[in-house]
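Welcome! Take a moment to look at the sequence and the 3D picture, and then let us walk through them together.

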Amino acid sequence: MGAFDFIGATSRLGYAHDNGLVKQVLYRLYLAEKLKEPFRKGTRRPDAALLAAREAEQLEAAEGPNSSLNLNVKILVIGLRGTGKTQLIRSLLAMGSSSSSSSAASLPLDAFSGGTKRVEVSQGQVLGVTLTLIDTPGLTASAAGAAANAAVLRKLRKAFQQHEPDLVLYVDRFDQPSRAGGEVPVLQAVTNACGPHIWLNTIVALTHAGAMPPASGQGHMSWDAYSQQRSQLLQLIIRSASGDARLMNPIAFAESHPGCRRNAQGQAVIPSGMAWQQHMLVLIMSAKLLADAEAALQMTPDASGTGKGGAAGAGLDAASMRQLMGRPDGPPVRYLMTQLTGFNQPLTYPDHGGVLELRNAKHRLRSLKGWRDRKELSRQIRFRLLQMQQMNRRQQRTSDLLCKATRAGGKMQLAQPRTATRVRPSVQPPVGHRYRALEPGAGWIVRPHIEPHGMDNADNVEGFMAEKAGVARSSSSSSGSGSGSSADQLLRGLPYRISSSASASKEQLLVQARGELSVYHDLPGLATTTLSADVQTSGAAGPASPDMLMVLRLDSQRRGFPIGANNPCVGLMVARLAQECRPHQGPVATGVRLQDCLRLTAPGGAPVELDVALGKLFCRPGLEPDDAWGANAEMRTDARQLLGSKYSTPLSLSGSVMGHRGETMGALSAAMQASCMVCNQMCVEFSLRWLHVENLHLRCC
């Protein structure tokens, strides 16, 4: 498409070469030419618009006013349902007498015949310009049409990839704006389906422009004021949906009603007096010309010296492309450092207190010498084991009955949840409450992940979460049989927990899984070892496979060493960032940790719990190391005597510090819960990052 073709088409539409819009397009084309050949020797040349106008006049005189121009524009028409997309296409194709569908296009559509159900392609010539208009089914702005929108978006994406349109024409109504930005979720879904670049070459068409502006409290607005307000609002919505605040899509007005206002030449006009069909065609050809100029600027020479079109950065290698796109070459060191310095405790049995009591009793049984004492203690152990077995069978029978009643369609009335009167203070934000639902006491528990504002699925379910906790048989107890085997499983079993979650949308795929197992080496449960494995994906969008982070941890704890109030722990961590989900490829990070839990007594008699964790992470993703270190500490006590209160006043203090790449980061936080005369309970939480207040929270209940 050349400049003289553009001037020839605009002159047929009644726009001279000195028109402001035409001159602006030609000036941008001239700038693109200068950028393409910046070192060309400068000479005195006449005006570019004047030269193109002379060439267009010569071509018009040689071939005639109705000759076909070298202009082919392919347009994808999208929009909401009932905005008049099909009628707009017919009105544009009915302008030229040489249009192949002139007779059919001139007929108005029946408003009660239904909307477009499938993608339809219409082609025709309008004043020498070949227009290919691709009509698509309409979208629904309401949340109830999410399923229908998903089917329409699949068709729209297929048409966008198959036809590769030059421009996109987004159609909306001038007289019926959606309330509270109702188009935003729909346009965001279009962005996710076709990509943000769909809005770069998009023209917005507002149909029913001949309607009277809506009335307000002060009467009817003028058409010019309302049109400007409507245009600005729609541009803001498109910027919000596309994520690009720099977009400035051109606005065109349309009135396709057969009885609309017309000027002396018989052209359909809008209330401002402008011939909307001619103006829309000029905008379409201007956008086409500028898009071709931008594509020409992106042409880069290949090794043979010939021009080859492609996206910017197509010749970069994989490492440079990852650096350009912000993709990390190594594992997330700071995230791993946070996990390494976190406090870790071994898993517990379902009835942990009772199980440890029995294990301690069996340990004492070995040291008893009198046969009467051994016999009495053995009888108590057997009796307690029998009670635990009966309780387990009762819970299993209740769970089975609940499953059978659920399959049969029965319902159970839920009891009202009890309100906790005393909440343990914590530096973490308060946890929200989910809706109560019946869940089995054992086995797998599956919960849906519901996104209230999701547009990908009709039921707003974007994924599922599954978890299971139980006690596995150990190697020593699996060889037994009968009641002895059940007793050994209760006392020597290995508690475990498995959890996984998966959620998928059009822009990301998130998969997380965690498995954890604790081994109690002795009967009193003083020495434990915890094994854990974590797998999670990065959720990167696009055709490429996302990265996967795999973390293996081993923690060994010895309670009461070297003193009874001390619980030291030593741990190891191995992490790998599997690029493109390939477990055998990717950088590896290793870490060591030390953790200690002290149980002390303050001078006033208040118990003090102090947890300290130190960690060092070693990582070498490239030629230079990427190590980090960190520490975490938390203290919990009762500040009743310190404040002189007669009520319990739990106090929690915590702090953390981390060093990475020459930067040292730290944070302090505190939480306290007290009772006063104004309210029953008051909880104050605040956190500091070095010397700056990061968060302050006050909760009264």
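## A leucine on a strand

L572 sits in strand β17, which covers residues 566–578. Helices (H or I, at least four residues) and strands (E, at least two) are DSSP runs, numbered from the N terminus. L572 counts as partly exposed because its relative accessibility is 46%; buried means under 20% relative accessible area, exposed over 50%, and partly exposed in between (1.4 Å probe, protein chains only).

L572 also belongs to a nonpolar surface patch with L531, L554, V592 and F618, and together they have about 400 Å² of accessible area.

## How to read the model

This is a predicted model, in which local features need pLDDT of at least 70, side-chain atom pairs count only at pLDDT 80 or more, and totals for chains, interfaces and linings use all residues. Residues are numbered from 1 along each chain as its sequence is written, and side-chain values use heavy atoms, leaving out hydrogens and water.

## An arginine in a loop

Now for R261, found in the loop between β8 (251–253) and α9 (276–297). Setting aside neighbours within four places in sequence, R261 is in contact (heavy atoms within 4.5 Å) with Q267, A268, V269 and P271. R261 and A275 are 14 residues apart in sequence, and their C-alpha atoms are 9.9 Å apart in space.

## The whole chain

The chain has 15 helices and 24 strands. Of its 701 residues, 37% count as buried. Among contacts between residues at least 6 apart in sequence, 59% join residues at least 24 apart.

How values were computed: Patches are made of residues with over 30% relative accessible area and no salt bridge: like charges are joined within 9 Å, nonpolar side chains (Val, Leu, Ile, Met, Phe, Trp, Tyr) within 5 Å. Accessible areas come from the Shrake-Rupley method with a 1.4 Å probe; for residues, only the protein chains shown count as cover. A salt bridge is a side-chain nitrogen of Lys or Arg within 4 Å of a carboxyl oxygen of Asp or Glu.
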